[in-house]
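Here's a quick briefing on the structure below. Have the model open while you read, and click along as we go.

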Amino acid sequence: MTQSVVTLAGGVGAAKLLTGLIRVHPPGDLLAAVNTADDTVLHGLHVSPDLDTVVYTLAGAVNPDTGWGLAGETWQAMDALDRYGGITWFRLGDRDLATHLYRTHRLGQGADLATITAEITSAWGLELTVLPVTNDRIETRVTTVDEGEIGFQDYFVRRRHEVAVSAVRVAGSKQAQPAPGLVDALGRARLIVIAPSNPIVSIGPVLEVPGVRQAVAARRDDVVAVSPIVGGAALKGPADRLMRELGHECSVVGVARLYRDVAATLVIDEIDAHLANDVEAVGLSCVVAPTIMDDIESATALARIVLGCSANGVQV
Ligand code: FO1
């Protein structure tokens, strides 16, 4: 794989930035290495939320209200399942189910997740490469203060990430291998982007796959991260609460400390401009820009800024 730009990605925030990137850079020259540690098996089906969020968003098919699942979805299968008392707290829409049926069927045939993801990506007409960070099963496990360790979706969806957390680990990460071609792609890329995804439960598991953190750190000068924390809060999800609970400062400075070994540049929002010197004191160059992507124009503008952050200052 020889893409110039490799993006380490979680779900919604990464998908938005990638929507901008495919508008300002040839999509075939982009690779997204996506977290799979919040994958889950439900009803015997393999669900890969972050992979699907990236693909559906880039295909213009995502549900705009939730940022996950498909627009215009119906829920007849969930309603029917409810009759039997089946699991319905994790909502799988009727059309979305087809993706999980297909993925599970192909896994059963012996295909690996990277191959299946390439098939799904191509079926949605996308030219960029969407790569699960690993073909192996890795799983974020969350230790809650009241109930002990639970699975990620149990924490995120079932408990609506409203419970106190004392630890997070990625089960299976030590044995996992990076997806074929990923380490090589990180070595060759002209720019590596760390998307504005949750640093603990989205980017954390990506970096924990053996070889990935080392490959990114070796390219530190060419790595730009976009802060998912704006004005001391996460735009979506529990990144702010998790950072605080796990002992990190919940600010762009806290993000800079988490990424100081792997990224040379941090893009922070204008609202945090007063913290730019503190970010630089941590050892990263700081770029101040509008980072809130509430439409395609703002995502495209941010993508342009990110691409301008290559080490030699040349637009990638
Ligand atoms: N998030 C929810 O808050 N509730 C759900 O019922 C839910 C279902 C779901 C189904 C498919 C899918 O791809 C994503 C889904 N998500 C749901 C989002 C998902 O839990 C999170 O986006 C990620 O795991 C965190 O990045």
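Helices (H or I, at least four residues) and strands (E, at least two) are taken here as DSSP runs, numbered from the N terminus. This is a predicted model, so a word on ground rules: local features need pLDDT of at least 70, side-chain atom pairs count only at pLDDT 80 or more, and totals for chains, interfaces and linings use all residues. Residues are numbered from 1 along each chain as its sequence is written, and side-chain values use heavy atoms, with hydrogens and water left out.

- For accessibility, buried means under 20% relative accessible area, exposed over 50%, and partly exposed in between (1.4 Å probe, protein chains only).
- Arg160 is exposed, at 57%, while His161 comes out as partly exposed, at 23%.

**Helix 5**

- Helix 5 (residues 113-123) has Leu113, Ala114, Ile116, Thr117, Ile120 and Thr121 as its buried residues.
- Looking down the helix 5 axis, those buried residues fall within an arc of 160°, so they line one face of the helix; the arc is that of the directions from the helix axis to the C-beta atoms.
- As background, an α-helix has 3.6 residues a turn, so residues three or four places apart point the same way.
- What do the buried residues of helix 5 pack against? Their partners are helix 2 (49-58), helix 4 (94-108) and strand 5 (129-132), with contact meaning heavy atoms within 4.5 Å.
- On the face of helix 5 turned away from its buried side you'll find the exposed residues Ser122 and Ala123.
- At the start of helix 5, a side-chain oxygen of Asp112 comes to within 3.2 Å of the backbone nitrogen of Ala114.
- After helix 5 comes Gly125, with a positive phi near 80°.

**Nonpolar cores**

- A nonpolar core is a set of buried Ala, Val, Leu, Ile, Met, Phe, Trp, Tyr and Cys residues joined through side-chain atoms within 4.5 Å.
- The largest one has 56 residues, and those touching the most other members are Leu8, Leu186, Ile194, Val212, Val216, Leu266 and Val279.
- Helix 11 (residues 252-259) gives the most to this core, with five residues.
- Setting aside neighbours within four places in sequence, Val216 contacts Leu8, Leu186, Ile192, Leu207, Val223 and Val262.
- There is also a second, separate core of 40 residues, and Val5, Leu21, Leu191 and Val193 are among them.

**Aromatic pairs**

- Rings of Phe, Tyr and Trp (its six-membered ring) pair if their centres lie within 6.5 Å; planes under 30 degrees apart count as stacked, over 60 as edge-to-face and the rest as tilted.
- The count is four aromatic pairs.
- Trp89 and Phe90 make an edge-to-face pair, 6.1 Å centre to centre with 85° between the planes.
- Trp89 is partly exposed at 27%, whereas Phe90 is buried at 10%.
- Phe152, Tyr155 and Phe156 are linked into a cluster by ring pairs.

**Cysteines**

- With a disulfide taken as a pair of cysteine sulfur atoms within 2.5 Å, a search of the whole structure turns up zero.
- The sulfur of Cys250 is 16 Å from the closest cysteine sulfur, in Cys286, which is too far for a bond.
- Cys309 is in no disulfide either, as the nearest cysteine sulfur, that of Cys286, is 10.0 Å away.
- Cys250 is buried at 14% relative accessibility, and Cys309 is buried at 12%.

Methods: Polar contact = N/O pair within 3.5 Å; in protein donor to acceptor, adjacent residues only side chain to side chain.
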